[in-house]
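Here is a short briefing on one protein model. Have the sequence and the structure open as you read.

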Amino acid sequence: MTVTQRRAAAATAPPAPAAETAPPAQPAVATLGLVAALVLGNAVFREAGSTMLWLYVIGVALGLVLFHSRFGFTSAWRQLVAVRQGKALRAHMLMLAVACILFAPILAGGVSLAGEANGFVSPVGAGLFVGALLFGVGMQLGGSCASGTLFAIGSGQTAILITLAGFIGGSVLGAYHFAFWTETMPTGPTVSLADTPLGYPGALGVSLLAMAAIAASTVLVARRRRRPEPAPPPVAQGASRAWRGSWPLWVGALLLAALNATTLLVSGTPWGVTSAFALWGSKLISAFGVDVAAWPYWAAPENAPKLEASVLADKTSVMDLGIILGALIASALAGSFVVHRRIPGRLALGAVLGGLLMGYGARIAYGCNIGAYFGGIASFSLHGWLWGALAIAGTFVGLRLRPIFGLTNPRPDDSVC
């Protein structure tokens, strides 16, 4: 088709469907969520003080942003691999670019409100390659990523509870096997672009160039034929859209980058999600007599105190709980809180298997789509870039397996966003 023919086809194509009006708010559910958020916030403050309370508030804000922007990691990679749609991945690049710009001066100064500031910079080894690949497969079977699991639960998608159960189980198993992957299997160096002669200015420049190249490549690999425009999600009108409607992906990208940088500034480390799942599961089986404290993972000086302390004194746990409640409040105000009760058996099996793969993969690969991919790249870690590439490779495998569990994949002629 020539350029003239394509323009003519575009001119005669039917207009994109208009967005539906947002459903009425659910004040009872929103009030319940707000009360729960206040009660938990008070408990966090009493248990761990004001810094942890601020991190909890950041978690609530993350839940609001994730819900309103529907900012996805799982769907972004699925759309890229299945139909070469790169809009969501370009939003990732915007988020990462802004995060790098905000992280650079904090990490260069090495100072946060909690003391020393350190990014997520992890080794390159067998655990990374296997774990990130498993995580990529698990995302497509479980239907969500780490952050997506939390905000989906908050918005009433009870099916994702099965994914969370698998996530916790896989995280515990990954903690149990952690020494095998770090001590027995080959482990390479820890590489930070900022520790090279480039320094932070050079590392920032290289990172931004790489992100621009990736964003441009998603445009070049897009399929040439015209696709139907997706129906916009229901939106509220006027100023109420800010708390009741959907937000553009670019807004979500900017806010997530800012909130991650705020987390680094307040706590000294970036935002993470999945270490809390290992903690919750390990505490649970410890209550049944399993001596998890003897595992090398929990015997490590940085982890042992967490096992003994309350979960309300754990940064990641507190932020995870905040995300769930923030998404609950946001979904209720948007009229979108709906509890899903019936879950087909094949979908349930895929959800729990996906969760297991993600939980195990995240532990042995030093993080998930948030801690390794988002936090790692923003911290100028080579590990973060490799994690993203391997997760995309796992997406190819996951897409092949999805139909076995009754899950559909996007087609080239489908509407995608």
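**A buried glycine, and the fold around it**

G361 is buried, at a relative accessible area of 0%. Buried means under 20% relative accessible area, exposed means over 50%, and partly exposed lies in between (1.4 Å probe, protein chains only). This is a predicted model, in which local features need pLDDT of at least 70 and side-chain atom pairs count only at pLDDT 80 or more, while totals for chains, interfaces and linings use all residues. Residues are numbered from 1 along each chain as its sequence is written, and side-chain values use heavy atoms, with hydrogens and water left out.

**G361 and its surroundings**

- G361 sits in helix α17, residues 345-364. Helices (H or I, at least four residues) and strands (E, at least two) are DSSP runs, numbered from the N terminus.
- Setting aside residues up to four places away in sequence, G361 touches G131, A132, L134 and G367. Contact means heavy atoms within 4.5 Å.
- G361 and L173 are 188 residues apart in sequence, yet 9.8 Å apart in space, C-alpha to C-alpha.

**Whole protein**

- The protein has 19 helices and 4 strands.
- Of its 417 residues, 50% are buried.
- Among contacts with a separation of 6 or more, 82% join residues 24 or more positions apart.
- The accessible surface comes to about 18,200 Å², and 68% of that belongs to carbon and sulfur atoms. Accessible areas come from the Shrake-Rupley method with a 1.4 Å probe; for residues, only the protein chains shown count as cover.

**Second largest pocket**

- The second largest pocket holds about 800 Å³ of space. A pocket is an open set of points on a 1 Å grid over the protein atoms alone, where a 1.4 Å probe fits, with protein on both sides within 12 Å along at least five of seven lines. Grid points are joined across faces, edges and corners, and the volume is the space filled by probe spheres set on the points.
- The pocket is lined by 34 residues. Lining residues have an atom within 4 Å of a point.
- F120, S275, N303, K306 and R363 lie nearest the pocket centre.
- Helices that each supply at least two lining residues are α9 (178-184), α13 (275-287), α14 (296-299), α16 (315-333) and α18 (369-378).
- α9 gives the most to this lining, with 4 residues.

**T316 in α16**

- T316 is found in helix α16. T316 counts as buried, at 10% relative accessibility.
- Leaving aside neighbours within four places in sequence, T316 is in contact with G272, V273, T274, S275 and A276.

- R70 has a phi near 50°, a positive value in a residue other than glycine. R70 lies in the loop between α3 (50-69) and α4 (74-83). R70 is partly exposed, at 38% relative accessible area.
- Y366 also has a positive phi, about 65°, although Y366 is not a glycine. Y366 lies in the loop between α17 and α18. Y366 counts as partly exposed, at 27% relative accessibility.

**Nonpolar surface patch**

- L94, W250 and L254 make a nonpolar surface patch of about 270 Å². Patches are made of residues with over 30% relative accessible area and no salt bridge; nonpolar side chains (Val, Leu, Ile, Met, Phe, Trp, Tyr) are joined within 5 Å, and like charges within 9 Å. A salt bridge is a side-chain nitrogen of Lys or Arg within 4 Å of a carboxyl oxygen of Asp or Glu.
- L94 is placed in helix α5, residues 87-109. L94 is partly exposed, with a relative accessible area of 32%.
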